[in-house]
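Subject: Structure handover and notes

Hi there,

Here is the structure I promised to pass on, with my notes below it. Please have it open while you read.

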Amino acid sequence: MDSEPVNICPVLPQELWVKIFKHLSQMELLKVSTVCKEFYAHAMDPILWKSLELELGRYNLVAQQALLQRCTGLLHLKFVASSMWNGIEGMTKNAMATLVSILIEKCKHLRTVEIINYPFIGQPYFRRQLINSSNCTVTQTTDYRLNPPGDSLEIVWIPDSPDTYNTKDIEFHQVGTTDHYRKGKPYKIMRNPGSSIISINFNTSVERLSSVTISLNHCRTTSDGVVCLTVNGRPAEQRENGGFGKMVIMAPRFNFGWESFDVSLDLIQDGINKITLLLDSTSPGVYWLSDVKIQKVFR
C-alpha cells in the first residue's frame, strides 16, 4: 500500500511562522528554505528580509541576484567585498547593471545601500540610477591597508623610508614600520617632524556627494605626537568665516583608537583627491597610525 504524503509543517498562520523564523540568521533561513516548499515560502517571506548583507565575489552571483529578487521589502542593503579580489575585479559591467536593475525593479522601498571596499557598483552611473529611482542613500567605505599581508609577521623595526614609496593608493615618506608595542600587528610610525608624510589617494564624483569622512586608527605616546591634515594641498580646518586653517590632530594616548574627521566638500574635487598627514614641524613626539578608512555618502 502506498503511503500518503506527509505534511511536516504544522498548520500555523503565516504570521506565527514569521515570528519563529525571526530567530534564525539569514544563512539559517536559506538552509531551512531547502527543506520543503512550505518552509521555502515561510523562510523567504519579505518581512524577514528587510536588511541584507551580500559578500560579492565569494558566492554565486546568479544565486545572489535570485535572492535579491525575493527581497521586495528590503530597506537596508550592504555590499561587502570578498577577499577573493580577483573574482570581484572580473565582474562585468553587465553583471553590475543586472544587480542595479533588480534593486530598482524589485526593492522599491530601499532606503540605504552601503558599499564596503567595492568601488565598482558605486560608479556614478549605477549610483545615480539607484538614488533617482529609490531616493535612497548610498554610502561607500574603503579600508586602506597601510601594511601588506606579509607585514603581519613579527617585526622589530623597519627603518624610515629615505625617499617616497608608494602602494596602490598610499604614499609614504620618511615613515617606519614596527610592532614593538603590538606584537604581530604592525603599524606605521612617523617620527621626523616636518618630514614624515603619509598621503592617501581616493577617487570620487562630486555629483550628489553629501559628505566625506576620514577615520584613523591611531595612537600617541607620552611625548604627544601631532600631525596636520591637508586635503589636496589645502589646510582642512574650516573656520567660522568660511576660510580654512591648519587642522591639528592628536591621537588617543597610550592605546590605538578610532577617530573620525569630516572633510569639507569645498576641498573635494571631481576625480582624484589626496588627503595628507604630516608630522608637524613643532611636534614634540612620534605619531603611530594603524588603519585608515574613507567614507563617502551620496544622496
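This is a predicted model: local features need pLDDT of at least 70, side-chain atom pairs count only at pLDDT 80 or more; totals for chains, interfaces and linings use all residues.

Lysine 246 is partly exposed, with a relative accessible area of 45%; on this scale buried means under 20%, exposed over 50%, and partly exposed in between (1.4 Å probe, protein chains only). Its partner in a salt bridge is aspartate 280, and the closest N and O atoms are 2.7 Å apart. A salt bridge here is a side-chain nitrogen of Lys or Arg within 4 Å of a carboxyl oxygen of Asp or Glu. Aspartate 280 sits in the loop between β17 and β18 (287-298), and lysine 246 in the loop between β14 (244-245) and β15 (247-249), so the pair ties together parts 34 residues apart in sequence. Helices (H or I, at least four residues) and strands (E, at least two) are DSSP runs, numbered from the N terminus.

Residues are numbered from 1 along each chain as its sequence is written, and side-chain values use heavy atoms, with hydrogens and water left out.

The other salt bridges

By the rule above, the count comes to 5 salt bridges. One of them joins the side chains of glutamate 207 and arginine 128 (2.8 Å, N to O). This pair links distant parts of the chain, with glutamate 207 in the loop between β9 and β10 (209-220) and arginine 128 in helix α7 (residues 124-134), 79 residues apart. Glutamate 207 counts as partly exposed at 36% relative accessibility, and arginine 128 is partly exposed too, at 30%.

Another salt bridge brings together the side chains of lysine 274 and glutamate 171 (3.3 Å, N to O). It also links distant parts of the chain: lysine 274 belongs to strand β17 (residues 271-279) and glutamate 171 to strand β6 (residues 170-173), 103 residues apart. Lysine 274 counts as partly exposed at 29% relative accessibility, and glutamate 171 is partly exposed with a relative accessible area of 22%. You will also find Arg220, Asp224 and Arg253 linked in a network of salt bridges.

Which residues does serine 199 touch, leaving aside its neighbours within four places in sequence? They are Asp169, Ile170, Glu171, Lys274, Ile275 and Thr276, where contact means heavy atoms within 4.5 Å. Serine 199 lies in strand β9 (residues 197-204) and counts as buried at 5% relative accessibility. Its side chain makes a polar contact with the side chain of threonine 276 (3.1 Å). A polar contact is a pair of N or O atoms within 3.5 Å; within protein, one must be able to donate a hydrogen and the other to accept it, and residues adjacent in sequence count only if both atoms are side-chain atoms.

Serine 264 is in the loop between β16 (257-263) and β17, and counts as buried at 12% relative accessibility. Leaving aside neighbours within four places in sequence, serine 264 is in contact with Gln238 and Phe244. Serine 264 and valine 212 are 52 residues apart in sequence, yet 7.4 Å apart in space, C-alpha to C-alpha.

Helix α1

In helix α1 (residues 14-21), Trp17, Val18 and Phe21 are buried. They cover an arc of only 105° around the axis, which puts them on the same side of α1; the arc is that of the directions from the helix axis to the C-beta atoms. These buried residues pack against α2 (26-32) and α3 (37-43). On the other side of α1, Glu15 and Lys19 are exposed. Leucine 16, also in α1, counts as partly exposed at 37% relative accessibility.

The whole chain

The chain has 7 helices and 18 strands. Buried residues make up 45% of its 299 residues. Of the contacts with a separation of 6 or more, 72% are between residues 24 or more positions apart.

Happy to talk any of this through.

Best wishes
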